[in-house]
Amino acid sequence: MLETLMLSRIQFAANISFHILFPSISIALCWFLFYFKVRYNRSGDEVWMRAYRFWVKVFALTFALGVVSGITMSFQFGTNWPGYMETVGNIAGPLLGYEVLTAFFLEATFLGIMLFGINKVSNRVHTLATFLVAFGTSMSAFWIIALNSWMQTPTGFEMRQVGDAMKAFPLDWWAIIFNPSMPYRLAHMLVASGLTAAFLIAGISAYRILKDDHKPAPRLALKNATIAAALLIPLQIFLGDMHGLNTLHHQPAKIAAMEAVWHTEKNVPLVLFAIPDKETKSNKYSVEIPNMASIILTHTSDGELKGLNEYPNAHPPVAPLFYGFRIMVGMGMLMLLVSWVGCWQIYRRNELSPLMLKVFVGMTFSGWIATLAGWYVTEIGRQPWLVTGVLKTVDAVTSTPASNVGTSLAIYLSLYVVLLIAYIRTLFVMARKAVLVDRPEQIDTLQEKLVEENL
Amino acid sequence: MTDISTLSGEAFWLPVIFIGLMGLAFFIYAILDGYDLGVGILLPKDSEAQRDTMIASIGPFWDANETWLVLGIGILLIAFPLAHSMILFNLYLPVTVMLAGLILRGVAFDFRAKAPEDHKELWDRAFQAGSLLATLAQGYMLGLFVMGFADTLAAHLFAALSAICVTAGYTFIGAAWLIMKTEGDLQKRAAWWARRCAWLMALGIIAVSIVNPLVSGTIFDKWFGSPLVIVLWIIPLFCFVLFFIADRYLRRAPYPNDFGCWIPFASAAMIFLLSFIGLAYSFYPFVVPNKLDIWQAASAPESLMFILYGVIVVLPTILGYTFFAYRVFHGKATQLKYY
């Protein structure tokens, strides 16, 4: 039984981690595309359309990976976590249902028009299609974050006895959807997507310039993405802080684990780095700033923070939260530095130095690292609960034999490794192909070649 | 089984509405993703140009088509959570195989056009293999469902038969789609494919129709129980007529001026509909055969009500813009331009 639980948890983590990589790009990338399209409509300058054409291909690939990895998710609940829907299905079901109804069909249908329909519909309808796809991806984020946040901070429901089991019943849908942590988590995730997409655009564009691409489109994309990143990152730090305070209020055990506060105390130092040891319940080799954690979290230097000792056997594991949080924040600081230096260079010289171009290439997937680390903190931080105070993870797992779960996990993992390598390689192949293209209308996808042959 | 007379208003009709919606979603899925899975299975080894045209013919649609599966399984999850758990518990491995297949084909579709040229053939194979895996797994699951998830050799043999039959059905509708969306050699080839697949599918349907009442007393009674049900025999009769029409048409297809290029597709869709009605009639009101009826499996009425408002507003909108998308891309597929 324990093996099934561990394997199911690893499988869920693998599926959701692989899945989130793609929406975290596509949610914001589509708004970038909409922006390119609007600028083109306003100015009539072909360069915006060239940027659109390159990035819409990346979007199509990313979106496809997001869709197929997302289908897995809709089966996961039944295959591995039957207790989840049996207990909170009355809440989770409608939220998932609204995601399918208001988001999935919208994105999928208008994506077809966005990708293939540019000569079949008017420019206005094509712009509208781009907008609707962007709107759909954001709606999708809205519903799924509403559900995730409800699992973190459930409100608006009551538990009733049905047969021999306790089940959640909805009382107030408004309170369920806009539960206490939802606005913070949604804003934090949308901005995270903005940063992920911005660094992806900047990184691939910088790569093209380094490969001697002399066209204006990658420069334009790089400039816009750098400015977007420089504007979004301070906003993200502010939102992250608000989200942290919200978590302190509603899930104090999570904060205690993130900051490795083992015992309730005042004047808590901010631990910059340490190796938390769960045996001795203390931190080794810690580098600290005195009173700083109290100041950040309570806004007074002698503010008291609840330690893990207050939650015996019911707090999340410390190490993944402690490290995950530091990786996310560290990545955020790096993003701040890189995007601001980049902006400064663009402001002074209207271009980036070769060194900064290389740095941007190195930062191409920095958004992924920060997003994954952040999600690990918040999701592992909910343990041992699946739905805080309502359902424990261990009580929701399937009774399927561990061998079945092991088989499916092996299949998924091998697929994901292959697809991730293929995805990253293909992005750079597309960038190199784009460098070789001289005319903007040059044939550079097989579908276009096919069209040419048939004309 | 639930005693219907004990149920009051909403508690009675909400599950009925939702089982209808779920059936509708799965039916639309079978038609729409059916043809694009079928096209994937049919990809020929000997002609890259034909493969390109075939994939271009499903390009703008496959993504939305697959969403109907998410809606169908979503309604099962939302409206009948107990059944969702029970069904997926029994189908753990086939579901995994199907998902692996769907993942593979979904991404192969995009990678084939963007990866280095020499990888294209590999992605085409992945596209074909993924489509085949998905359809076989779906048919296998349908077979196990019909047999009430019995873990016997006979049940698995029946499921294997059903896997072949469903795959033949999808390839039939896929080939019929190609007859509608292509021209020239490929269209001729599609007609040949469609005819063979239609025969195989007809054999499968006959086999399932014979086995089904034999293994289940309830189903036997439903179809042979009272003299009134003679009306129901219109279903298999009509099915036979449709197969006959399709076969006669396909024998000489394609015709000058593309006469009736929609006939095979329309026949295939109608056959799907009739098979669907037959299955639904056989099992209603059970959502897990002989174990769980729709009222036992249903969510709380307040949850179903909340989602029903959304469905009433959104579903017609979805159908509307789906129709719009198909109208934008009507006509032969060769002129598709991809940005």
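User: Is Asn350(A) buried or exposed?
Analyst: A residue is buried if 20 or more other C-beta atoms, placed from the backbone, lie within 10 Å of its own, exposed if 12 or fewer, and partly exposed in between. Asn350(A) has 9 C-beta neighbours inside 10 Å, so the residue counts as exposed.

User: What pLDDT do side-chain atom pairs need in order to count?
Analyst: Residues are numbered from 1 along each chain as its sequence is written, while chains are lettered from A and ligands numbered from 1 in the order in which they are written. This is a predicted model: totals for chains, interfaces and linings use all residues, local features need pLDDT of at least 70, and side-chain atom pairs count only at pLDDT 80 or more.

User: Which loop holds Asn350(A), and what is its phi?
Analyst: Helices (H or I, at least four residues) and strands (E, at least two) are DSSP runs, numbered from the N terminus. Asn350(A) falls in the loop between α10 (318-349) and α11 (354-362) of chain A. The residue is not glycine, yet phi is positive, near 60°.

User: Where is Ala260(A), and is the residue buried or exposed?
Analyst: Phi of Ala260(A) is also positive, near 50°. The residue sits in the loop between α8 (252-258) and β3 (270-277) of chain A. Since 25 other C-beta atoms lie within 10 Å, Ala260(A) is buried.

User: Which residues does the cis peptide bond join?
Analyst: The loop between α12 (366-380) and β5 (385-387) of chain A holds Pro384(A). With omega about 0°, the cis bond joins Gln383(A) and Pro384(A).

User: Which element gives the largest share of the side of chain A that touches chain B?
Analyst: Two residues are in contact if their C-beta atoms, placed from the backbone, lie within 7 Å. On that basis 66 residues of chain A meet 61 of chain B. The elements giving two or more residues to the chain A side include α2 (46-80) and β2 (165-170). The largest share, 22 residues, comes from α3(A).

User: How are α6(B) and α7(B) oriented?
Analyst: Axes are lines fitted to C-alpha atoms, for helices over the stretch in contact, and angles run from 0 to 180 degrees between N-to-C directions. Angles under 35 degrees count as roughly parallel, over 145 as roughly antiparallel, 65 to 115 as roughly perpendicular and the rest as oblique. The axes of α6 (residues 120-146) and α7 (residues 153-181) of chain B come within 7 Å and cross at roughly 135°. That makes the pair oblique.
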